[in-house]
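Me: I'm new to this structure and would like a close look at a single part of it. Could you take me through that part slowly, and then show me what lies around it?

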Amino acid sequence: MGNKKARRGAIFFDRDGTLNVDKDYLYKVEEFEWLEDAPQAIRWANEQGVLVIVVTNQSGVARGYFVEDDVRRLHEWMNEDLTRFGAHIDAFYYCPHLPSGSVAAYAKECDCRKPKPGLIEQACADFDIDRGESLLIGDKSRDVECAEAAGVRGILYTGGSLLELLKRTLGQKHNTGEAKA
Ligand SMILES: [Mg+2]
Ligand SMILES: [Zn+2]
């Protein structure tokens with residue numbers, strides 16, 4: 001984990017249903033609830049020296065339920081709250097679109113609504129991410145499809161300890177040998 005190493009792996013997390021309890025169209029801080037040991041899983045990922053990046057569909061923007069500032073505010077709050085656990089999320093990427101949305105500016109086909117890979121592609125453009133050393137964890141098949149479309153390993157989260165799932169998954173990877181230095 002030398003700090004001069006340019007390329008880094010990333011752990012991409014879906015948000016709703018993976019890091020926090022999925023409440024339809026969540027945007028209020030008061031309604032946010034971390035799932036089980038999600039903050040500990042994020043901290044563990046931080047300790048491994050990988051980037052931690054959230055990729056989330058937020059069609060509530062296109063539906064007119066909330067605005068982009070609400071999404072950003074919630075994400076800022078998540079990082080503030082994570083300081084209690086000594087953890088942090090390096091970046092958040094969200095898709096505000098939905099073709100059938102009621103807010104004209106967001107009612108369109110886009111490249112970023114999962115299962116499309118646009119959010120991961122954008123993150124890879126912004127950070128020097130080694131896709132072969134990266135992983136996405138999400139609770140929907142569209143999360144896994146999104147990862148695979150971007151050339152990243154996708155893991156379905158079906159409940160329980162996110163920390164254990166992460167440790168188990170990365171442990172397997174290291175046992176099978178690293179593709180490149
Ligand atoms: Mg989800
Ligand atoms: Zn989009």
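Reply: Let's begin with the aromatic rings. Keep in mind that this is a predicted model. Searching the whole structure turns up 4 aromatic pairs. One of them joins Y25 and Y65, whose rings sit edge-to-face, with 4.8 Å from centre to centre and 75° between the planes. Those two values are quoted together for a reason: a pair of aromatic rings is described by the distance of the centres and the angle of the planes.

Where do Y25 and Y65 lie? Y25 belongs to the loop between β1 and α1, while Y65 belongs to the loop between β2 and α2 (68-82), so this pair ties together parts that are 40 residues apart in sequence. Elsewhere, ring pairs link F32, W34 and W77 into a cluster.

Now to the metals, starting with the zinc ion (ligand 2). Which atoms hold it? The zinc ion is coordinated by the SG atoms of C95, C110 and C112 together with ND1 of H97, at 2.0 to 2.3 Å. Around the zinc ion, the 4 donor atoms subtend angles of 101 to 116°, and that makes the arrangement tetrahedral. Along the chain, the zinc donors follow the spacing C-x1-H-x12-C-x1-C. Both H97 and C112 are in the loop between β3 (91-95) and α3 (118-126), so the pair ties together parts that are 15 residues apart in sequence. H97 is buried, with 12% relative accessible area, and C112 is buried as well, at 15%.

The magnesium ion (ligand 1) has its own set of protein donors: D14 (OD), D16 (O) and D139 (OD), which lie 2.1 to 2.2 Å from the ion. Their spacing in sequence reads D-x1-D-x122-D. D16 is found in the loop between β1 and α1 (38-47), and D139 in the loop between β4 and α4, so this pair ties together parts that are 123 residues apart in sequence. D16 counts as buried at 13% relative accessibility, whereas D139 is partly exposed at 22%.

Next, have a look at α3. Its buried residues are G118, L119, I120, A123 and C124. Among the elements covering them are β1 (10-13), β2 (51-57), β3, β4 (135-138) and α4 (141-149). On helices in general, an α-helix has 3.6 residues a turn, so residues three or four places apart point the same way.

C124 brings us to the cysteines. How many disulfides are there? The count comes to 0. The sulfur of C124 has its closest cysteine sulfur in C146, and at 10 Å that is too far for a bond, since a disulfide needs the two sulfur atoms within 2.5 Å. C146 is in no disulfide either; its nearest cysteine sulfur, that of C112, is 10 Å away. As for burial, C124 has a relative accessible area of 13% and is buried, and C146 counts as buried at 0%.

One last stop is D130, in the loop between α3 and β4. D130 is buried, with a relative accessible area of 9%. A polar atom of the D130 side chain lies 3.1 Å from the backbone nitrogen of G132.

Key. Residues numbered from 1 in each chain as written. Chains lettered and ligands numbered in written order. Predicted model: local features only at pLDDT ≥ 70, side-chain atom pairs only at ≥ 80, totals over all residues. Heavy atoms only, no water. Donors = N, O, S within 2.8 Å, 3.2 Å for Na, K, Ca; no water. Tetrahedral: all angles 85-135°; square planar, octahedral: opposite > 155°, others 65-115°. Helix = DSSP H or I, 4+ residues; strand = E, 2+ residues; numbered from the N terminus. Buried < 20%, exposed > 50% of the residue type's maximum accessible area, 1.4 Å probe, protein only. Contact = heavy atoms within 4.5 Å. Polar contact = N/O pair within 3.5 Å; in protein donor to acceptor, adjacent residues only side chain to side chain. Phe/Tyr/Trp six-rings, centres within 6.5 Å; stacked < 30°, edge-to-face > 60°.
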